[in-house]
Amino acid sequence: MAESAISIQWPDGSRNQARSGEPWLVAARRCQQTIPTACRTGSCGACEIEVNGVVVRACISTVPAVGSRGIQVCRVEDPDW
């Protein structure tokens, strides 16, 4: 990836690179990570992930610009699903 690559660490410890603005689902798929989805419009919340402590809906969000710090992704568990 180009110099704008951002390091992502996934819940299982694997890592990959993504560009700022890249869809979360694309970045996850490239690293063989599965993010559950249902509606794909952001209304159901099935795809929620925690990105550096902030919960986002992966189906409608993109990788943020974070400089060289990198990104830590955690799963958000919804007891209703």
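Here are a few friendly notes on this predicted model.

1. Let's begin with the overall layout. The protein has one helix and five strands, and from the N terminus the order is β-β-α-β-β-β. Of its 81 residues, 35% count as buried. The accessible surface is about 4900 Å², with 49% of that belonging to carbon and sulfur atoms.

2. On contact range: taking contacts between residues at least 6 apart in sequence, 39% join residues at least 24 apart.

3. Where do Trp10 and Trp24 sit in the chain? Trp10 lies in the loop between strand E1 (5-9) and strand E2 (15-19), while Trp24 belongs to helix H1 (residues 24-30). The pair thus links distant parts of the chain, 14 residues apart. Both tryptophans are buried.

4. Trp10 and Trp24 turn up again in the largest nonpolar core, which has 20 residues. Together with Ile8, Ile35, Ile49, Val63 and Ile71, they touch the most other members. E1, H1, strand E3 (48-51) and strand E5 (71-75) each supply at least two residues of this core, and H1 gives the largest share, four residues.

5. Ile71 is worth a look in your viewer. Leaving aside residues up to four places away in sequence, its contacts include Ile6, Ile8, Trp24, Val51, Val63 and Val66. Ser7, Gln9, Asn52 and Pro64 are also among the residues that Ile71 touches.

Technical notes: Residues numbered from 1 in each chain as written. Predicted model: local features only at pLDDT ≥ 70, side-chain atom pairs only at ≥ 80, totals over all residues. Heavy atoms only, no water. Buried < 20%, exposed > 50% of the residue type's maximum accessible area, 1.4 Å probe, protein only. Core = buried A, V, L, I, M, F, W, Y, C linked by side-chain atoms within 4.5 Å. Contact = heavy atoms within 4.5 Å. Areas by Shrake-Rupley, 256 points an atom, 1.4 Å probe, with all protein chains shown as cover.
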